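Good morning, colleagues. Please turn to the sequence and the structure on the screen, which I should like to take you through.

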Amino acid sequence: MRLTIQSIMGRKGAFFQVERTFNSEFAQRAPEVSKTLGPVQARLQVTNTGDGYLVTGDLSLEVEFFCSRCLKPYQTTLTPSVEEEFFNRPQEDDELNWDGELLVEGHEIDLASLIEESILVSIPMKPVCQEDCPGLCPGCGRFLGDGICDCTDPDIDIRLAPLGKLLQQASETTAPERRKAHDRPKEKTLQSED
Ligand SMILES: [Zn+2]
Ligand SMILES: [Zn+2]
């Protein structure tokens with residue numbers, strides 16, 4: 001993911017445009033991603049700012065997500081834009097100075113962390129196959145888009161489930177503790193071995 005910037009070095013204001021593809025394997029680390037369907041396509045412009053090199057442009061990656069509601073895989077395209085400057089030297093007085101500061105390395109800049117971060121932050125926390133995906137019935141797990149299941153009223157079941165659990169726990173609180181006190185290791189089974 002290295003890009004040579006030799007052609008615009010020492011020429012403030014000079015820029016070039018480039019189209020490149022990058023390995024997209026890193027994106028599969030995200031749990032929402034079922035698989036990637038190709039490389040990251042990048043259309044970038046690199047501009048010499050005098051202090052460094054400003055990288056702007058657009059990325060595009062076709063991925064398959066798992067829908068967070070119905071759990072079915074579906075395909076979509078991530079299209080984050082990028083805007084980040086690679087500096088010639090560390091920016092000591094920069095408030096935003098952080099460990100991951102991007103620096104020029106010789107005649108090159110390394111786009112790996114910029115591309116990876118831009119793609120990863122563009123992944124939605126709860127991807128949905130479609131805005132109105134009805135999801136699965138909490139009672140039987142059937143896809144609600146396929147029609148009505150046999151569960152009478154799953155909405156009521158969801159709301160009452162935690163309450164029922166609480167009531168059950170409250171009524172059992174004393175019983176298990178008493179049982180625990182009597183639950184001694186069974187010594188007899190150990191002795192019967194010879
Ligand atoms: Zn869905
Ligand atoms: Zn159901």
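The protein chain has a mean pLDDT of 82, and 73% of its residues reach 70 or more. Among the elements, strand S4, residues 40-48, has the highest mean pLDDT at 98, while helix H3, residues 174-181, has the lowest at 44. Over residues 174-194 the pLDDT stays under 50, and there the model has zero contacts beyond four places in sequence. Where pLDDT is low, the predicted coordinates should not be read in detail.

Next, the layout. The chain comprises four helices and eight strands. Read from the N terminus, the order is β-β-β-β-β-β-β-β-α-α-α-α. Of the contacts with a separation of 6 or more, 55% join residues 24 or more positions apart. Buried residues make up 13% of the 194 residues.

Let us now consider helix H1, residues 112-121, in which Leu114, Ile115, Ser118 and Ile119 are buried. Why do these residues lie on the same side of H1? They cover an arc of only 120° around the axis, and that places them on the same side. The face turned away from this buried side carries Ser113 and Val121, which are exposed. What, then, covers the buried residues of H1? The cover includes strand S2 (15-22), S4, strand S5 (52-66), strand S6 (73-78) and strand S7 (81-87).

As general background, nonpolar side chains tend to be buried together in soluble globular proteins.

Is Gly57 buried, partly exposed or exposed? Gly57 is partly exposed, because 17 other C-beta atoms lie within 10 Å. Apart from neighbours within four places in sequence, Gly57 is in contact with Ala42, Arg43, Leu44, Gln45, Ser81 and Val82. Between the C-alpha atoms of Gly57 and Glu84 the separation is 9.7 Å, although these residues are 27 residues apart along the chain.

Thank you for your attention.

Methods. Residues are numbered from 1 along each chain as its sequence is written. Chains are lettered from A and ligands numbered from 1 in the order in which they are written. This is a predicted model: local features need pLDDT of at least 70, side-chain atom pairs count only at pLDDT 80 or more; totals for chains, interfaces and linings use all residues. pLDDT is the predictor's confidence in each residue, from 0 to 100. Helices (H or I, at least four residues) and strands (E, at least two) are DSSP runs, numbered from the N terminus. Two residues are in contact if their C-beta atoms, placed from the backbone, lie within 7 Å. A residue is buried if 20 or more other C-beta atoms lie within 10 Å of its own, exposed if 12 or fewer, and partly exposed in between; C-beta atoms are placed from the backbone. The arc is that of the directions from the helix axis to the C-beta atoms.
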